[in-house]
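Please read the following walk through one protein model with the sequence and the 3D view side by side.

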Amino acid sequence: MASIATGDGHANDEEHTLVDDVVVKAGYLQKLGGGDGGRQNWKKRFFVYKTKTLEYYESEADHTKGKKFKGVIVLDCYYAAKNETKGQDSEFSVYAYPKNMTCRASNPAQMKEWIDILNLPGAE
């Protein structure tokens, strides 16, 4: 089961290890905001996929400087899949309980890279 992380990026019932800090993939994606009933709009964010979390930052510089992430999903039980949105060939979602996230890559190849790496067996 995925859970929203506490302030340090880890769920209360999880044990943090050094393996949890390994960056598997990082890069810019657009993220659909407004999931909590706010205005839905697309924002460019720097995403960092670690072995147990998907974090996003305002910019790559924020991540490099060690600033706190803007948001995070703990990846206990999840999957990523391409969306079938008309006119969008590089949109995908990460389905994780209790929070899902919709993203857009800059092209279909980049989208496939993210989906493939997120769905690797044993990645969670």
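**A walk through the chain**

Of the 124 residues in the protein chain, 43% count as buried, where buried means under 20% relative accessible area, exposed means over 50%, and partly exposed is in between, with a 1.4 Å probe and protein chains only. The model is predicted: local features need pLDDT of at least 70 and side-chain atom pairs count only at pLDDT 80 or more, while totals for chains, interfaces and linings use all residues. Residues are numbered from 1 along each chain as its sequence is written, and side-chain values use heavy atoms, with hydrogens and water left out.

The protein chain has two helices and seven strands. Read from the N terminus, its elements follow the order β-β-β-α-β-β-β-β-α. Helices (H or I, at least four residues) and strands (E, at least two) are DSSP runs, numbered from the N terminus. Contact means heavy atoms within 4.5 Å; among contacts in the protein chain between residues at least 6 apart in sequence, 45% join residues at least 24 apart.

Confidence comes next. The predictor's confidence in each residue is given as pLDDT, from 0 to 100. The mean pLDDT of the protein chain is 84, and 79% of its residues reach 70 or more. Over residues 1-14, pLDDT stays under 50, and the model has 37 contacts beyond four places in sequence for this stretch. Where pLDDT is low, the predicted coordinates should not be read in detail.

Strand β1 (residues 23-32) and strand β2 (residues 42-50) run antiparallel and are joined by nine bridges. Ala 26 stands opposite Val 48 in β2. On to strand β3 (residues 53-57): β2 and β3 also run antiparallel, with four bridges between them, and a hairpin of two residues connects β2 to β3. Leu 54 in β3 is the bridge partner of Tyr 49.

Now the aromatic rings. Rings of Phe, Tyr and Trp (its six-membered ring) pair if their centres lie within 6.5 Å; planes under 30 degrees apart count as stacked, over 60 as edge-to-face and the rest as tilted. The whole structure holds five aromatic pairs. In one of them, the ring centres of Phe 47 and Trp 114 are 6.5 Å apart and the planes stand at 70°, so this pair is edge-to-face. Phe 47 lies in strand β2 and Trp 114 in helix α2 (residues 108-118), so the pair links parts of the chain 67 residues apart. Phe 47 is buried at 0% relative accessibility, and Trp 114 is buried at 1%.

A further pair is stacked: the rings of Tyr 79 and Tyr 95 have centres 4.9 Å apart and planes at 25°. Tyr 79 belongs to strand β5 (residues 78-82) and Tyr 95 to strand β6 (residues 91-96), 16 residues apart. Both count as partly exposed, Tyr 79 at 47% and Tyr 95 at 29%.

Phe 47, Tyr 56 and Trp 114 form one aromatic cluster. A charge sits over a ring if NZ of Lys or CZ of Arg is within 6 Å of the ring centre and within 35 degrees of the ring normal. The charged end of Lys 25 is placed this way over Trp 114, 5.1 Å from the ring centre. Lys 44 lies over the face of Tyr 28, at 4.6 Å.

Finally, the cysteines. The structure holds zero disulfides, a disulfide being a pair of cysteine sulfur atoms within 2.5 Å. Cys 77 is partly exposed at 48% relative accessible area, whereas Cys 103 is buried at 1%.

Methods. Pairing = 2+ DSSP bridges.
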